[in-house]
Amino acid sequence: MSPSGAEVIRQIKSQVEEVDPAQVSEHLGNGIVLIDVRESTEWDAGHIPGAKHVPRGYLESRVEGAAGADRSREIVLYCASGQRSALAAHTLKDLLGYENVKSMTGGITLWKDRGYKVEVPRTLSAEQRERYSRHLLIPEIGLEGQAKLLESKVLLLGAGGLGSPTALYLAAAGVGTLGVVDDDEVDLSNLQRQVIHTTDRIGVPKVDSAEQSITAINPDVEVVKYKTRLDASNILEIIEGYDVIVDGVDNFPTRYLLNDATVRLGIPVVSASILGFDGQLSVFKPHDGPCYRCLYPVPPPAELAPSCGANGVLGVLPGTMGLLQATEVVKLVTGAGEPLVGRLLLYEALGATFTELKVRRDPECPICSRDPSEIADEELGVFPDYEAFCAAAG
Ligand SMILES: [Zn+2]
């Protein structure tokens, strides 16, 4: 007579090494691979933070993706109560040759009873699943990355040439909160490049026009409008709480002010600038890489300061640079790829060339070499007198 299912399970459980939730909790993050073998609906209802999800039905085909090819790595499997994980552990050991596989006693039920943390992933509505389906299909973004985007808060400094394409694409990508700082109104001469605005909105505040375009693209996005100029009196209040700042400002004093305030608050800045046919791009991530002052300890020559007067720019150039900024924002929010930290990317449109320069942290940097709490309000944005600076440009 063949043994009953219950007998088989009992027999397999006696052969599989079990591990207590207390031990799993203690060793989480220390190189062990924790795999949840339950079904997707169970995973979505809550799982152990840091666990990977490989439903038992896909175990053989997907385990290498989660645990790697190294058969000696320590793997702990869990399910709801410890039965399915024991069976899965048996499969990994006997059929796939993983040498160090354990099953967590009592599953996530016992884990929860012991008061350990459970993470509930954000779920998407049917409409969101469809809207972001092309993101969900790339593993580097996926549901987790999309959820991060939807929860993220990104502040755009300026709804002009750079801010326009950045805002449109970040809105489309599902960034949950987009703050827009701009005190200007839409002008006919803007429309050659500031694609978030339209001819019928000439004279309308740019923050209102930007909001209209953003919400038309994606109702998931909440727009926070700041119809003001960033200065020392309001900067900390405005930028606090944002995850990433997109810098499209056109003047150096604000760039220094922004740098000092973001280093103090630890907020990464994706910075770009454009002039003529040339664009520059870098990511300033406080203490992870250099800051703006490490790159430009003194302001660049005044004749290169765009805000000293109206300068010409190829209309599509801010589109190119703004979308590179949007790409860096998505990478910073989702953790995908290598952000442009410590690197300055130069784009020259006429020759169609990209050049990358290394930028190092300056150990003597007046701002980022110090403890953020030591940076006083009066020190934010210290800059030579700007009118004199522009006058020197002739
Ligand atoms: Zn610095």
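At 12% relative accessibility, S213 counts as buried, a class defined by under 20% relative accessible area, with exposed meaning over 50% and partly exposed the range in between (1.4 Å probe, protein chains only). The structure is a predicted model, in which local features need pLDDT of at least 70 and side-chain atom pairs count only at pLDDT 80 or more, while totals for chains, interfaces and linings use all residues. Residues are numbered from 1 along each chain as its sequence is written, and side-chain values use heavy atoms, with hydrogens and water left out.

S213 lies in helix α11, where helices (H or I, at least four residues) and strands (E, at least two) are DSSP runs numbered from the N terminus. When neighbours within four places in sequence are left aside, S213 is in contact (heavy atoms within 4.5 Å) with L168, I196 and R201. The C-alpha atoms of H197 and G158, which stand 39 residues apart along the chain, are separated by 13 Å.

For the protein chain as a whole, 16 helices and 13 strands are assigned, and the C-alpha atoms fill a box of roughly 100 × 50 × 40 Å, taken along the principal axes. Of the 394 residues in the protein chain, 47% are buried. Among contacts between residues at least 6 apart in sequence, 68% join residues at least 24 apart. The accessible surface of the protein chain, computed by the Shrake-Rupley method with a 1.4 Å probe (for residues, only the protein chains shown count as cover), comes to about 18800 Å², of which 51% belongs to carbon and sulfur atoms.

Salt bridges, defined by a side-chain nitrogen of Lys or Arg within 4 Å of a carboxyl oxygen of Asp or Glu, number 19. In one of these, the side chains of E42 and R84 meet at 2.9 Å, N to O; this pair links distant parts of the chain, with E42 in helix α3 (residues 40-44) and R84 in helix α5 (residues 83-94), 42 residues apart. E42 counts as partly exposed at 23% relative accessibility, and R84 likewise counts as partly exposed at 24%. K102 forms a salt bridge with E74, the closest N and O atoms being 3.1 Å apart. Because K102 lies in strand β5 (residues 101-104) and E74 in the loop between α4 (59-67) and β4 (75-78), the pair ties together parts that are 28 residues apart in sequence. K102 is buried at 13% relative accessibility, whereas E74 is partly exposed, with a relative accessible area of 28%. Within helix α15, E328 and K331 are three residues apart and therefore separated by about one helical turn; their salt bridge has its closest N and O atoms 2.9 Å apart, and both E328 and K331 are buried. Salt bridges that share partners also join E17, E74 and K102 into one network.

The structure holds five aromatic pairs, for which the ring centres of Phe, Tyr and Trp (its six-membered ring) must lie within 6.5 Å, planes under 30 degrees apart counting as stacked, over 60 as edge-to-face and the rest as tilted. Y256 and Y292 form an edge-to-face pair, 5.4 Å centre to centre and with 75° between the planes. Since Y256 lies in helix α13 (residues 252-265) and Y292 in helix α14, this pair ties together parts that are 36 residues apart in sequence. Y256 is buried at 1% relative accessibility, and Y292 is buried with a relative accessible area of 5%. F284 and Y292 are also paired edge-to-face, with 5.7 Å centre to centre and 85° between the planes, and both of these residues are buried. One aromatic cluster is formed by Y256, F284, Y292 and Y296.

Charged side chains also sit over aromatic rings, a placement that requires NZ of Lys or CZ of Arg within 6 Å of the ring centre and within 35 degrees of the ring normal. The charged end of R62 sits over the ring of Y58, 3.8 Å from its centre, and K153 lies over the face of Y242 at 5.3 Å from the ring centre.
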